[in-house]
Amino acid sequence: MLLRHTPKEIPERKALAINPAKTCQPIGAMYAALGIHGCLPYSHGSQGCCAYHRSTLTRHYKEPVSAATSSFTEGASVFGGQANLLQGINNIFTVYEPDVIAVHTTCLSETIGDDLPQIRKKAIMEGKIPEGKYVLGASTPSYSGSHVTGFSTMVKSMVEFSERTDKKNGKINIIPGWVEPSDMEEIKRMAQLTGVETIIFPDTSGVLNGPMTGKYKMFPDGGTTIEELKSTGDSIGTLALGEWCSAAAARELDKKCKVPCKGLDMPFGLQATDRFVDALRTIAGVSVSDELSFERGQLVDLITDMHQYFYKKKVAIAGDPDQVIAMVEFLVSIDMCPVHIVTGTPGKKFEKRIKELTEGMGIDVNVKAKGDLFLLHQWMKNEPVDLLICNSYGKYMARDEDVPLIRWGFPILDRQGHQYFPTVGYKGGLRLLEKILNALLDRKDRDDPETSFELVL
Ligand code: SF4
């Protein structure tokens with residue numbers, strides 16, 4: 001009983017978060033930056049912030065994550081960190097030779113009031129940014145938003161690279177949002193199967209799920225190249241997967257280069273994947289490939305075969321808004337009942353969307369944006385569930401309430417696989433269902449009396 005002090009009674013709480021369902025903005029900015037080829041993320045703040053951000057990403061992706069920091073001391077904390085950043089930019093381009101330095105701010109540098117655009121101008125004027133190299137900036141104070149906001153802000157800043165010429169490149173930009181490197185690979189594979197040429201940004205596949213080769217590469221082969229980012233301005237359209245993660249960048253690109261954009265849910269589950277495939281097909285003017293139709297049929301087959309085990313099972317979910325919205329739609333479509341839903345990221349649209357998706361279930365749903373895991377646990381105590389879907393922090397609630405847990409989302413610190421096996425698309429839907437089924441059937445095997453302990457399920 002690790003969370004034995006969580007009470008069933010739920011008094012109103014406004015100012016206090018307990019066991020937050022989010023982490024800080026710079027982690028998202030750092031993850032996004034790693035999706036640019038040859039990019040070194042740079043944390044403008046103290047060493048402690050940078051160490052936390054790097055270690056969280058390293059623990060989740062099980063890969064060494066490199067990042068630099070302004071290493072604020074007392075002087076910089078009082079008088080501002082401009083000198084540290086200018087020195088840092090100079091040192092990094094001299095010693096590590098990245099193509100891009102992606103600077104994000106922290107609580108401390110934002111509170112001091114450091115002005116990133118002004119410092120960058122000064123770095124250019126003083127010749128600290130070599131020819132053909134770039135410095136990106138994103139304002140990511142962690143006392144607002146969440147890691148999702150930080151991700152979105154850094155992706156939006158990547159639009160700065162885009163250039164518009166008179167010639168369209170015939171490609172579709174896909175902004176995948178904060179999904180795993182394996183998911184980005186799967187999104188590219190699906191686009192290839194549709195016969196569509198794409199530019200995906202950011203793209204962490206090959207960066208945070210690369211092979212062991214015996215040789216250390218500071219900048220792995222993966223990631224969106226600067227040339228690709230420049231070319232996004234000539235694409236025929238942009239698909240932004242996830243309102244919270246990707247829409248801001250897509251709108252910015254539309255504004256800057258007149259590339260029409262369409263917002264979609266992240267392609268988790270059957271319907272959201274259908275909409276993604278349909279959007280690809282429509283923009284490119286092609287038909288859905290036989291391979292994708294085959295994969296879709298497999299997913300429908302599994303849903304049909306195992307429907308009796310999903311039917312009316314109650315689920316509690318915590319995660320990031322874009323992922324959770326698609327997951328809730330998927331669960332409802334297979335007749336499961338997501339009854340308690342939180343995200344730590346603010347945004348009232350989230351609650352509205354979840355209510356719309358669940359209204360046909362005929363039962364009351366608890367939903368909260370800017371919620372926390374403490375509240376989710378209280379809801380689970382008041383109305384028990386059959387399954388919990390959450391990141392690794394959910395294991396405490398799962399243990400206390402004796403509920404099966406599926407680890408999904410960020411961060412996953414105590415399991416492997418998420419960086420290699422996608423959960424987007426039809427193939428990813430199969431994997432999600434396999435995980436759900438295994439969790440439910442393992443529990444059934446554990447709890448069934450001997451008289452109904454079956455070999456064949
Ligand atoms: S001080 Fe702010 S930016 Fe640094 S680790 Fe804490 S929340 Fe994140």
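Strands β10 and β11 (residues 366-369) run parallel and are joined by four bridges; strands are taken as DSSP runs of E of at least two residues and helices as runs of H or I of at least four, numbered from the N terminus, and two strands count as paired if DSSP finds at least two bridges between them. Within this pairing, Ile341 stands opposite Val367 in β11. The chain passes from β10 to β11 by way of helix α15 (residues 348-358), in a right-handed β-α-β crossover. A crossover is called right-handed if, with the strands pointing away from the viewer, the path from the first strand over the helix to the second runs clockwise.

The model is predicted; local features require pLDDT of at least 70 and side-chain atom pairs count only at pLDDT 80 or more, whereas totals for chains, interfaces and linings use all residues. Residues are numbered from 1 along each chain as its sequence is written.

Strand β10 also pairs with strand β9 (residues 314-318), in the parallel sense and over five bridges. Here Lys314 stands opposite Cys337 in β10. Together with helix α14 (residues 321-333), β9 and β10 form a right-handed β-α-β unit. Strand β10 spans residues 337-343, and six of its seven residues are buried. A residue is buried if 20 or more other C-beta atoms, placed from the backbone, lie within 10 Å of its own, exposed if 12 or fewer do, and partly exposed in between.

Helix α16 (residues 373-382) is likewise mostly covered, with eight of its 10 residues buried. Among the buried residues of α16 are Leu373, Phe374, His377 and Trp379. Their cover includes β9, β10, β11 and α17 (394-401).

For the protein as a whole, the secondary structure comprises 18 helices and 13 strands. The radius of gyration is 23 Å, close to the 23 Å that the globule rule gives for 457 residues, so the protein is as compact as a globular protein of that length. This radius is taken over C-alpha atoms, and the globule rule is 2.2 Å times the number of residues to the power 0.38. Along the principal axes, the C-alpha atoms fill a box of roughly 80 × 55 × 45 Å. Of the 457 residues, 51% count as buried. Among contacts between residues at least 6 apart in sequence, 73% join residues at least 24 apart, a contact being a pair of residues whose C-beta atoms, placed from the backbone, lie within 7 Å.

Ile36 is placed in the loop between α1 (25-33) and β1 (39-44), and counts as buried because it has 31 C-beta neighbours inside 10 Å. Leaving aside residues up to four places away in sequence, Ile36 touches Val100, Ala102, Met158, Pro202, Gly223 and Thr224. The C-alpha atoms of Ile36 and Gly222 are separated by 8.0 Å, although the residues are 186 apart along the chain.

Ile406 lies in strand β13 (residues 405-407). Ile406 has 19 C-beta neighbours inside 10 Å and therefore counts as partly exposed. With residues up to four places away in sequence not counted, Ile406 touches Leu387, Ile389, Lys435, Ile436 and Ala439. Between the C-alpha atoms of Ile406 and Thr282, 124 residues apart along the chain, the separation is 35 Å.

The ligand is surrounded by Cys24, Pro26, Gly45, Cys49, Tyr52, Thr106, Cys107 and Ser142, where a residue is near a molecule if its C-beta atom, placed from the backbone, lies within 6 Å of it. The shell holds five nonpolar, three polar and no charged residues. In this classification Ala, Val, Leu, Ile, Met, Phe, Trp, Tyr, Cys and Pro are nonpolar, Asp, Glu, Lys and Arg are charged, and the others, Gly among them, are polar.

Definitions and conventions
Two residues are in contact if their C-beta atoms, placed from the backbone, lie within 7 Å.
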